[in-house]
Amino acid sequence: MNDLLSLTLQIVYNSIKNYALNFLSEDILLPLLRMKKFDIPAHYRSPIISKVKAKRKLEDPMKKDFSPTILDFGSVEFIISRHFGFCYGVENAIEKSYKAINENPDKTIYLLSQMIHNPEVNRDLQEQGVQFIQDTQGNQLIEWDRINSEDIVIIPAFGATVETKQLLEEKNITFDQYNTTCPFVEKVWNRSAKLGKDDHTVIIHGKKNHEETKATFSHSKETSPSIVIKDLKEAQIIADFIHGTIDASAFFEVFQENCSVGFDPEIHFNKVGVVNQTTMLASETQEIADFMKQTMTKKYGQNNIKLHFADTRDTLCYATNDNQSATLELLNVEADLAVVIGGYNSSNTTHLVELLEDKFKTFFIKTKDEIMSADEVHAFDIHKKQVKRHMGFLPKKDKIKLIITSGASCPDATVDAVIQRILDLTNAPISIYNIDL
Ligand code: SF4
């Protein structure tokens with residue numbers, strides 16, 4: 001009886017959520033989502049950053065002001081991004097994962113792959129006994145044969161491919177209860193399905209090996225011819241084909257692995273729409289969408305553009321937008337350096353680094369432990385994809401101005417710890433834990 005009730009409630013909840021995601025405008029949807037308070041472990045919350053965020057939220061409930069918060073400690077002035085850290089999807093995934101652990105003490109609990117791209121959160125889950133079935137590249141860590149219907153399988157915030165869900169169903173493993181797929185990722189899937197219904201081809205701007213892009217592509221190809229492109233350069237190759245400057249074999253040389261089975265560029269570029277991996281650089285997705293619109297306008301004429309190009313601006317995730325807009329605002333300040341905190345395989349964090357390093361000496365670190373001393377830091381180079389040792393980390397001056405921000409999968413407590421580490425190294429007179437906001 002309890003199972004039936006829980007299933008019914010789940011179906012009702014999913015129907016309401018799908019309705020809200022598909023039919024409510026962002027102006028109504030976002031305040032509703034923001035009202036939701038998640039129950040996440042206390043050690044992810046922070047005594048100080050949470051206060052900073054709460055204060056800003058109170059002063060600016062409609063999130064109109066993207067200017068940073070300044071915390072002045074005398075020896076260091078921290079210029080803190082207006083928006084950063086855990087987003088709706090991440091808090092939802094953490095809440096559900098810990099619920100799965102607490103509700104099933106006698107069962108084996110698996111996660112399809114890393115729940116989010118943050119090493120501390122993933123390690124914490126593993127220490128609670130959660131096992132990852134695949135790594136982030138899709139390599140099998142635990143054979144499917146070992147997993148059975150008695151076990152619990154959690155779907156991460158990125159979602160899962162149609163094929164994986166089918167496999168779980170064949171093994172009678174129910175996953176709805178602990179499916180943590182972010183509603184904003186599902187929104188992209190729903191939009192792709194709608195595009196397919198209207199005979200559009202779905203162009204997905206994303207990294208083809210990223211879990212979310214794999215899941216989005218897998219859902220999209222069920223209803224629409226689909227292709228994954230990584231940047232504007234690849235959009236240019238599609239445009240070259242549409243304008244007849246390259247032929248199908250040149251097209252497939254680049255896209256053979258990245259388009260749905262049976263994809264025929266001669267037929268499938270008649271109507272297109274662009275969606276994205278939600279953590280891509282929003283401005284780049286927009287640039288690609290604008291470029292594809294221009295391409296289709298050139299081919300079919302301004303009067304017919306609505307028949308050949310779908311406006312899909314509404315699929316960009318609010319958190320990615322907010323975090324990137326707040327980072328762009330940081331480019332207007334003067335600072336000695338910038339520190340970005342997050343997992344090195346986190347796409348959204350990498351984009352924050354990309355934006356900041358245009359103007360500032362920027363260090364991308366996982367935790368406070370990468371700060372070896374005032375002079376030495378071990379930071380990730382997003383271009384060479386490796387951790388490098390840097391000397392001359394903190395400048396030798398009376399007051400250092402330091403920008404700080406973090407990715408959507410980084411706990412606020414980790415940001416607190418980095419701030420405190422820098423305060424210790426600069427002999428600041430007060431601790432972060434004692435300041436009065
Ligand atoms: S970044 Fe956006 S899409 Fe990704 S988990 Fe967070 S809210 Fe969801």
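Predicted model: local features only at pLDDT ≥ 70, side-chain atom pairs only at ≥ 80, totals over all residues.

Let me begin with the division of the chain. Domain 3 contributes 13 residues to the contact between them, and domain 4 contributes 11 residues. On the side of domain 3 that touches domain 4, there are 5 nonpolar residues, 7 polar residues and 1 charged residue.

I turn now to the ligand. Which residues come nearest to the ligand? Of the 15 residues around it, these are Cys87, Gly89, Cys182, Thr278 and Cys317. By class, the shell around the ligand holds 10 nonpolar and 5 polar residues, and no charged ones. Three helices each supply at least two residues of this shell: H4 (88-103), H7 (183-197) and H14. The largest share, 3 residues, comes from H4.

Two of these helices also pack against other helices, and I will take H7 to begin with. Helix H7 packs with helix H8, residues 211-223, at an angle of about 25°, and their axes are 8 Å apart. An angle under 35 degrees counts as roughly parallel, and H7 is therefore roughly parallel to H8. The crossing of this pair is right-handed. From H7, the contact is made by Val185, Val188, Trp189, Ser192, Ala193, Gly196 and Lys197. From H8, the contributing residues are Glu212, Thr216, His219, Ser220 and Thr223. This contact of H7 with H8 comprises 4 nonpolar, 6 polar and 2 charged residues.

The other pair is formed by H14, residues 318-330, and H15, residues 347-356. Their axes come within 9 Å and cross at roughly 20°, so H14 and H15 are roughly parallel to each other. The crossing of H14 and H15 is right-handed. On the H14 side, the contact involves Thr320, Asn323, Gln324, Thr327, Leu328 and Leu330. On the H15 side, it involves Asn348, His351, Leu352, Leu355 and Leu356. How do the residues of this contact of H14 with H15 divide by class, and how many are charged? There are 5 nonpolar and 6 polar residues, with no charged residue among them.

That concludes my presentation. Thank you for your attention.

Note on methods:
Residues numbered from 1 in each chain as written. Axes fitted to C-alpha atoms, helices over the stretch in contact; angles between N-to-C directions. Helix = DSSP H or I, 4+ residues; strand = E, 2+ residues; numbered from the N terminus. Parallel < 35°, antiparallel > 145°, perpendicular 65-115°, else oblique. Left-handed = near helix turned anticlockwise from the far one by under 90°. Contact = placed C-beta atoms within 7 Å. Nonpolar A, V, L, I, M, F, W, Y, C, P; charged D, E, K, R; others polar. Near = placed C-beta within 6 Å.
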